[in-house]
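Have a look at the structure first, then try each task before reading its solution.

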Amino acid sequence: MIGGGYVGLVSAACFAEFGNDVSVVEIDPARLAALRDGRIPIYEPGLDTLVADNVRAGRLSFGHDIAAAVRGAEAIFIAVGTPPRNGDGQADLTYVHEAARQIARAMSDYAVIVTKSTVPVGTSRRIAEIMRQTCPDLAFDVASNPEFLREGNAIGDFMKPDRVIVGLDEDAPDGGARARAVLGSLYRPLYLIEAPVLFVKLETAELTKYASNSFLAMKISFINEMADLCERVGANVHDLARGMGLDGRIGRKFLHPGPGYGGSCFPKDTLALTRIAQEAGAPTRLIEATVGVNDARKVAMASRIIAACGGAVQGKTIAVLGLTFKPETDDMREAPSIPILVRLAERGADIRAFDPVGMAPARPHLPPGITYCDSALDAARGADVLVVLTEWNEFRALSPAHLAAAMRGRTIVDLRNIFDPAAMRGAGFTYDSVGRP
């Protein structure tokens, strides 16, 4: 596994749990040292135990030497970062291409080179070209195996997936048969639970990840717009979402209103898909609109908080519960909290924030004047307004009486709809949620 980041580490640990011998190559010295010491550099429930168990069993190891890692390997996964390229949103494939070159120089026997990173259409074929240019006599196949791991539930998603997508080179002399046999064997444990393993063309696999994430992002933006409409006409967005979601053609997931999507996948993948489509001459207008709706959503939520403060936040103390883009992760990438809190700080607000695991990762992204607190009630102490930005379960248990005792003001802006409106209003709060009367 080339790359010990989120995707690489989770995938490596789960493959090892299947009974395979897995070597993880990580070139970042600090990350490698942490992994070798048994410290997991990311927050993912259950991952520390899974890694420790498989290291102890001798199935999982960490190092920086690609040559040693690929020796005798039947499948070599590339799981390095593909950040957005500055200016156009397209994925930066610098690390992917360099990994391919290093793999080619290190290989001696046949292996399947599998792209696990999220990459544009055509990347697998480009990897094959790079490897042939680097070492013309190599025996190898390329494949695409995109991940569909939700942060906070990644191990469950890997072990009990909705589906596994494997893209094969149908233009290979054997039509991809040898690569199919290798990867089919690797995923054989999933056959026991009848998880669908779909073998498709390279290009189809590469596009499926972008299409899936973009569709889910579109559902989020859609329900956010419906929440705005519900507020105008007096409807309840949760009842609306339930009425929609019980239709099997639509489904109930990702119909939860909030301050907009964030994270490592949806913002990056929607931008990349629009770029791929533009370059192919088949623009994706719905996804382009989704990106615009989501960007505007975050700005609108900052304005909503300012309005709840009477039109100005200068000199007001605002308690913020939750900083990460979703619960059960410490990921701050594209988190709605970033543009929202930046704007509040620019307007002169005194911000007190608490997040169960995200405060350290949040500091580099947020204004320097924010006070990071020890608990939710600590953040609420002396606050004029309380704002919920991430729906951590521990916040749901906060009693209105305790909040009222801690706060100076009586205004709550709940952008995740975690509290009962009647209970909050009964305790004397002015309570503002999303899409609910």
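**Exercise 1. Find the handedness with which H10 passes H12, then describe how the two helices pack.**

Step 1. H10 passes H12 in a left-handed crossing. Keep in mind that this model is predicted.

Step 2. H10 brings Leu207, Lys209, Tyr210, Ala211, Asn213, Ser214, Leu216, Ala217 and Ile220, while H12 brings Phe266, Asp269, Thr270, Ala272, Leu273 and Ile276.

Step 3. Sort the residues of this contact of H10 with H12 by class: ten are nonpolar, three polar and two charged.

**Exercise 2. Work out how H6 is oriented relative to H10, and name the residues in their contact.**

Step 1. The angle between H6 and H10 is about 125°, with their axes 8 Å apart.

Step 2. Angles from 65 to 115 degrees count as roughly perpendicular and those over 145 as roughly antiparallel, so an angle between these two ranges is oblique. H6 is therefore oblique to H10.

Step 3. On the H6 side, the contact is made by Thr123, Ser124 and Arg125; on the H10 side, by Leu202, Glu203 and Glu206.

Step 4. By class, the contact of H6 with H10 has one nonpolar, two polar and three charged residues.

**Exercise 3. Describe the crossing of H5 and H6.**

Step 1. Helix H5 (residues 94-106) and helix H6 (residues 123-134) have axes that come within 9 Å and cross at roughly 40°.

Step 2. That angle is why H5 and H6 are oblique to each other. The crossing in which H5 passes H6 is right-handed.

Step 3. Val96, His97, Ala100, Arg101, Ile103, Ala104 and Arg105 of H5 meet Thr123, Arg126, Ile127, Ile130, Met131 and Thr134 of H6. In this contact of H5 with H6, seven residues are nonpolar, three polar and three charged.

**Exercise 4. How many cavities of 30 Å³ or more does a search of the whole structure find, and what lines the largest cavity?**

Step 1. The search finds one cavity of 30 Å³ or more. The volume of the largest cavity is about 40 Å³.

Step 2. Its lining consists of Thr115, Ser117, Thr118, Val119, Ser144, Pro146, Ala205, Glu206 and Lys209.

Step 3. Helix H10 (residues 202-233) gives the most to this lining, with three residues.

Step 4. The lining of the largest cavity has three nonpolar, four polar and two charged residues.

**Exercise 5. Which residues lie nearest the centre of the second largest pocket?**

Step 1. Start with the space: the second largest pocket holds about 510 Å³.

Step 2. Of the 21 residues that line the second largest pocket, Asn20, Asp21, Ala73, Glu74 and Ala75 lie nearest its centre.

Step 3. Strand E1 (22-25), helix H4 (66-70), strand E3 (75-78) and helix H8 (177-186) are the elements giving two or more residues to that lining.

Step 4. Finish with the classes: the lining of the second largest pocket has 14 nonpolar, four polar and three charged residues.

Conventions:
Residues are numbered from 1 along each chain as its sequence is written. This is a predicted model: local features need pLDDT of at least 70, side-chain atom pairs count only at pLDDT 80 or more; totals for chains, interfaces and linings use all residues. Side-chain values use heavy atoms; hydrogens and water are left out. Axes are lines fitted to C-alpha atoms, for helices over the stretch in contact, and angles run from 0 to 180 degrees between N-to-C directions. Helices (H or I, at least four residues) and strands (E, at least two) are DSSP runs, numbered from the N terminus. Angles under 35 degrees count as roughly parallel, over 145 as roughly antiparallel, 65 to 115 as roughly perpendicular and the rest as oblique. A crossing is left-handed if the near helix is turned anticlockwise from the far one by less than a right angle, and right-handed if clockwise. Contact means heavy atoms within 4.5 Å. Ala, Val, Leu, Ile, Met, Phe, Trp, Tyr, Cys and Pro count as nonpolar, Asp, Glu, Lys and Arg as charged, and the others, Gly among them, as polar. On a 1 Å grid over the protein atoms alone, a cavity is a set of points where a 1.4 Å probe fits but cannot get out, and a pocket is an open set with protein on both sides within 12 Å along at least five of seven lines; lining residues have an atom within 4 Å of a point. Grid points are joined across faces, edges and corners, and a volume is the space filled by probe spheres set on the points.
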